[in-house]
Amino acid sequence: MKRLISFLLLLFLSACTIAVVETPSVNLSNSTPTAVPENQVTLRSLADRKDFGIGAAVALGPLRRDRTYSQVLAGEFNQIMPENAMKFQALQPERDRFNFKGADDIVDFANEHNMKMFGHTLVWQRGLADWLKAGDWTREELIEILRNHIQTVVSRYRGRIYAWDVVNEALDTDSSLRELIWSRGIGPEYIELSYRWAHEADPNAKLFYNEYDPGGWGAQSGQKVDALYRLVADLKERNVPLDGVGLQMHLRLDDAPTYEGLKQSLERLAELDLQIQITETDVRMGYQGEPSPEQLQQQASIYKDLIQACLDVPKCTGFWFWGFTDRYTWVSSFMGQSGAPLIFDQYYRPKPAYDAIAQAIQAATR
Ligand code: XIL
């Protein structure tokens, strides 16, 4: 009964807000998969008109098995990146034996549906293959392993991948350069080298740096924003081929940056003449049973502030969700709670957050 009431309430809230942004994107009353009709208003159609990127991370399992998943994905987003299928371990599970099957499926999907494909991610402290972690490598060997990995992968997808997250999360929680296999074995120059190798392999791909945990951005002015600024400014100064910065937004209801704070940070980064994207957004709620209507509204208003800050800074060219349906989110498996962090519920019904995002894009004057 409680479920039914919250469902009806959710439908009502969705209907109220969606009315402002023309028609809803997904058929709410029908659980059988239907393609999103071409003339229907979706986040994608709204974003296309503004030349704005609206993206989602893609999980391979659902893409292969769940038709509703792929239909909603193709209808609602104009750019995608793999959640895990392009991490080191997935691509090179054994030394020099690459497995591109999963990554190929996602790249093919993007091409088929005329979406921009982003590669995620070439250099990271996690997602590493066991053989790599277990080895006792010399500096020269590690350089060769990293160069070979980057250049094999980037050249395979040359011309089909719009942008790469080359280095991901090089900064630690305390803003120092993270200690990881690459920094320990090669030195801090592993970052610069990675961009140069990627650029050699595909000179037209846009190369991004992606950083996690933006807590303390802007008005709250934490160290991390300064460290990030210094890191990318230094790369730019030394003519390292870097085109963009991604700011991850894995958030809770109580730790989201404010609109003003985030906008200031984006403006500051924009001074470096880089494009910026808000990446990996999910906003998890703590609740027992079902989220309350208030929590859903709070979640919606956080999403709205985040995308609004991006839309209001011309150099901010895109906004990403880490998944899109509560049916499949790393929050459940990785953080051991449901959290319902995304814009569609587990039955693919748009949540208030969906409508907030749609309204913001529609109203944007860019
Ligand atoms: C996460 C995936 O969502 C999980 O499925 C996986 O087990 C671990 O990695 N920052 C990133 C992403 O850059 O690649 C991470 O993705 C989440 C945090």
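Predicted model: local features only at pLDDT ≥ 70, side-chain atom pairs only at ≥ 80, totals over all residues.

Start by selecting residues 352-363, which make up helix 15.

Now show the surface around helix 15. How many of its twelve residues are buried? Ten are, so to speak, under cover: helix 15 is mostly covered. Colour them in if you like: the buried ones are Pro352, Ala353, Tyr354, Asp355, Ala356, Ile357, Ala358, Gln359, Ala360 and Ile361.

**Zoom out to the whole chain**

Colour by secondary structure and you will find 15 helices and eight strands. Of the 366 residues, 58% count as buried. The accessible surface of the chain comes to about 15,400 Å², and carbon and sulfur atoms account for 49% of that. If you display contacts, take those between residues at least 6 apart in sequence: 77% of them join residues at least 24 apart.

**Into the largest pocket**

Next, select Arg126, His250, Trp330, Phe334 and Met335 together. Among the 24 residues that line the largest pocket, these lie nearest its centre. The space in this pocket is about 530 Å³.

Which elements each supply at least two residues of the lining? Highlight strand 6 (244-252), strand 7 (275-284) and helix 14 (330-335) to see them. Strand 6 gives the largest share, with five residues. By residue type, the lining divides into nine nonpolar, six polar and nine charged residues.

**On to Tyr229**

Select Tyr229, which sits in helix 11 (residues 223-237). Is Tyr229 buried or exposed? Its relative accessible area is 18%, and the cut-off for buried is under 20%, so Tyr229 counts as buried.

Show what surrounds this side chain. Leaving aside neighbours within four places in sequence, Tyr229 is in contact with Arg268, Leu269, Glu271 and Leu272.

The last stops are about backbone angles. Most residues other than glycine have a negative phi, and most peptide bonds are trans.

Select His120 and Thr121 and look at the peptide bond from one to the other: this bond is cis, with omega near -5°. Thr121 is found in strand 3 (residues 116-123).

Then move to Asp51, in the loop between helix 2 (43-49) and strand 1 (53-58). Phi here is near 55°, a positive value in a residue other than glycine. Asp51 has a relative accessible area of 67%, over the 50% cut-off, and is therefore exposed.

Finish at Asn114, whose place is in the loop between helix 6 (101-112) and strand 3. What is the value of phi at Asn114? Phi is near 55°, again positive in a residue other than glycine. With 64% relative accessibility, Asn114 counts as exposed.

Definitions and conventions. Residues numbered from 1 in each chain as written. Heavy atoms only, no water. Helix = DSSP H or I, 4+ residues; strand = E, 2+ residues; numbered from the N terminus. Expected span 1.5 Å × (residues − 1). Buried < 20%, exposed > 50% of the residue type's maximum accessible area, 1.4 Å probe, protein only. Contact = heavy atoms within 4.5 Å. Areas by Shrake-Rupley, 256 points an atom, 1.4 Å probe, with all protein chains shown as cover. 1 Å grid on protein atoms, 1.4 Å probe; cavity = no way out; pocket = protein on both sides within 12 Å on 5 of 7 lines; lining within 4 Å. Points joined across faces, edges and corners; volume = space filled by probe spheres on them. Nonpolar A, V, L, I, M, F, W, Y, C, P; charged D, E, K, R; others polar.
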